[in-house]
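Student: Walk me through this one, please. I'd like the plain version.

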Amino acid sequence: MPGAQPAAPTAPTAPSRPTGRVEAAERRTLVVGKGISLQGTVSEAERLVIEGTMESQLLQAHELVIGHSGVFKGEAQVEDAEIAGTFDGVLNATGSLTIRATGRVIGTARSRRLSVEDGGQLSGKMEMISDTPAASASTPRMAPAPRSTEPADA
């Protein structure tokens, strides 16, 4: 059209971000605040922060953070866990488990990577997850039996 002005550039509707891990602030987060007690199952939280007390038979989240005053009792299936309070139960972290100086893990913990700060406590059973097949990882390695010097019967 003659005399028409070009359209003004439009701003993107959402800020672009690189693909991959979502920033912690952008994750669906459930916070159990200090002084709050919660019992139940959590399955859709990406990030769970516990400053109070929580009991759960099955917790599923990408990231579990237990603050200094936080207490968790039960079973948790997470990608990464950071414990500065108390975890009592069964913890399966497919990624990393970090136990801070004030943290205590009681029970059974499994993780691919483990970091324990000076003062952090781990009481119970710790299993490291490896990339090897489960059958070979669970088979105990034993020394070969000594060979006899006598000929075998035919």
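Tutor: A term to start with: helices (H or I, at least four residues) and strands (E, at least two) are DSSP runs, numbered from the N terminus. This is a predicted model, where local features need pLDDT of at least 70, side-chain atom pairs count only at pLDDT 80 or more, and totals for chains, interfaces and linings use all residues. Residues are numbered from 1 along each chain as its sequence is written, and side-chain values use heavy atoms, with hydrogens and water left out.

Student: OK, what is the mean pLDDT of the protein chain?

Tutor: The mean is 80, with 68% of the residues at 70 or more. pLDDT is the predictor's confidence in each residue, from 0 to 100.

Student: And where does pLDDT stay under 50?

Tutor: Residues 9-20 are one such stretch, and the model gives them one contact (heavy atoms within 4.5 Å) beyond four places in sequence. Residues 135-140 are also below 50, with two contacts beyond near neighbours in sequence.

Student: How many helices and strands does the protein chain have?

Tutor: One helix and eight strands. Along the sequence the pattern reads β-β-β-β-β-β-β-β-α.

Student: Which strand does β1 pair with?

Tutor: β1 (residues 29-32) pairs with β3, parallel, over four bridges; pairing takes at least two DSSP bridges between the strands. V31 has V49 in β3 as its bridge partner. β3 is also joined to β4 by four bridges, again in the parallel sense, and R47 is bridged to E63 in β4.

Student: Switching to the inside: what share of the residues is buried?

Tutor: Of 154 residues, 29% count as buried. Buried means under 20% relative accessible area, exposed over 50% and partly exposed in between, using a 1.4 Å probe and protein chains only.

Student: Which residues touch the most other members of the largest nonpolar core?

Tutor: L64 and F87, in a core of 22 residues. A nonpolar core is a set of buried Ala, Val, Leu, Ile, Met, Phe, Trp, Tyr and Cys residues joined through side-chain atoms within 4.5 Å. The elements giving two or more residues to this core are β3 (47-50), β4 (53-66), β5 (71-83), β6 (86-99) and β7 (104-116).

Student: What does L64 touch?

Tutor: Beyond four places in sequence, its contacts include L48, I50, A76, V78, D80, F87 and L91.

Student: Why does S111 count as buried?

Tutor: Because its relative accessible area is 0%. S111 is in β7, and a polar atom of its side chain lies 3.0 Å from the backbone oxygen of R113. Beyond four places in sequence, S111 is in contact with A93, G95, L97, M126, E127, M128 and I129.

Student: Last one: what about Q121, how accessible is it?

Tutor: Q121 is partly exposed, at 39%, and belongs to β8 (residues 121-128). Its contacts beyond four places in sequence are I99, G103, R104 and V105.

Key. A polar contact is a pair of N or O atoms within 3.5 Å; within protein, one must be able to donate a hydrogen and the other to accept it, and residues adjacent in sequence count only if both atoms are side-chain atoms.
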